Amino acid sequence: DASAFNYNAAFDYDDGSCAYSPGCTNSLAFNYDSSADIDNGTCCYISGCTDSSAFNYNDNACFDDGSCIAVALGCTDSSALNYDVDANTDDNTCCYIGGCMDENAFNYDATACFDNGSCIAVVLGCTDSSAFNYDSSANTDDGNCIPFIFGCMDSDACNYNSEVNTSDGSC
């Protein structure tokens with residue numbers, strides 16, 4: 001019978017072996033087909049996740065058992081500062097150096113990849129402790145430090161000096 005799956009033109013009589021429905025004929029296989037009358041070699045015996053985009057994809061599985069787990073990107077190294085317990089696929093973002101990441105802060109750290117909340121605001125002023133206008137609360141020098149100039153500050157004295165900012169008792 002030319003319409004049979006296993007038709008062979010070399011035979012000249014029908015021995016009753018014509019097969020019209022190829023498939024898996026092994027009842028132990030996941031894809032067993034009870035209507036198949038000839039095994040086509042497609043029997044499947046391994047179950048697992050068959051979604052290639054899933055975290056636990058099994059390329060040996062031929063039957064999807066519903067166990068697929070979606071990929072969750074993040075840092076999977078528990079020793080990193082930004083370890084993500086929900087991540088199952090590392091995305092190369094693990095960070096090991098914490099610090100201030102605000103570029104406008106006094107203690108900005110360009111090597112930090114995790115902001116640890118330690119940023120300190122910039123306070124401008126004279127940071128030279130030997131200057132006349134030293135500001136102990138300043139952490140960034142504003143370039144306006146004034147040196148001490150000793151001398152007479154009494155404008156009625158004959159040795160008065162208008163440049164003096166600190167009296168030395170010489171008037």
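The dialogue below reads disulfides, aromatic pairs and one asparagine in a predicted model.

Trainee: How many disulfides does the structure hold, and which residues does one of them join?

Mentor: A disulfide is read from the separation of two cysteine sulfur atoms, with a cut-off of 2.5 Å. By this rule there are eight disulfides, including the one between cysteine 95 and cysteine 113, whose sulfur atoms are 1.9 Å apart. The link of cysteine 95 and cysteine 113 has 100° about the S-S bond and is right-handed. Cysteine 95 sits in the loop between strand 6 and strand 7, while cysteine 113 sits in the loop between strand 7 and strand 8, 18 residues apart.

Trainee: Is cysteine 95 buried or exposed, and what can be said of cysteine 113?

Mentor: Cysteine 95 is buried, because its relative accessible area is 1% and the cut-off is under 20%. Cysteine 113, with 39%, is partly exposed.

Trainee: Which cysteine does cysteine 152 pair with, and where does that leave cysteine 158?

Mentor: Cysteine 152 forms a disulfide with cysteine 171, the sulfur atoms being 1.8 Å apart, and since the torsion about the S-S bond is about 110°, this disulfide is right-handed. The pair links the loop between strand 11 and strand 12, which holds cysteine 152, to the segment after strand 12, which holds cysteine 171. Cysteine 158 is in no disulfide, and the nearest cysteine sulfur, that of cysteine 152, is 7.8 Å away. Cysteine 158 is also exposed, with a relative accessible area of 86%.

Trainee: What describes a pair of aromatic rings, and how many such pairs does a search of the whole structure find?

Mentor: Two quantities describe such a pair, namely the distance of the ring centres and the angle of the planes. The search finds three aromatic pairs. One of them, phenylalanine 30 with phenylalanine 63, is stacked, at 4.8 Å centre to centre and 0° between the planes. Phenylalanine 30 lies in the loop between strand 1 and strand 2 and phenylalanine 63 in strand 4, so the pair ties together parts that are 33 residues apart in sequence. Phenylalanine 148 and phenylalanine 150 are likewise stacked, at 5.9 Å and 15°, and ring pairs link Phe132, Phe148 and Phe150 into a cluster.

Trainee: What does the side chain of asparagine 165 reach, and which residues is asparagine 165 in contact with?

Mentor: The side chain of asparagine 165 reaches the backbone oxygen of proline 147 at 3.0 Å, and a polar contact of 3.0 Å joins it to the side chain of threonine 166. Leaving aside neighbours within four places in sequence, the contacts of asparagine 165 include Phe132 and Phe148. Asparagine 165 is buried, with a relative accessible area of 16%.

Definitions and conventions. Residues are numbered from 1 along each chain as its sequence is written. This is a predicted model: local features need pLDDT of at least 70, side-chain atom pairs count only at pLDDT 80 or more; totals for chains, interfaces and linings use all residues. Side-chain values use heavy atoms; hydrogens and water are left out. Buried means under 20% relative accessible area, exposed over 50%, partly exposed in between (1.4 Å probe, protein chains only). A polar contact is a pair of N or O atoms within 3.5 Å; within protein, one must be able to donate a hydrogen and the other to accept it, and residues adjacent in sequence count only if both atoms are side-chain atoms. Contact means heavy atoms within 4.5 Å. Rings of Phe, Tyr and Trp (its six-membered ring) pair if their centres lie within 6.5 Å; planes under 30 degrees apart count as stacked, over 60 as edge-to-face and the rest as tilted. Helices (H or I, at least four residues) and strands (E, at least two) are DSSP runs, numbered from the N terminus.
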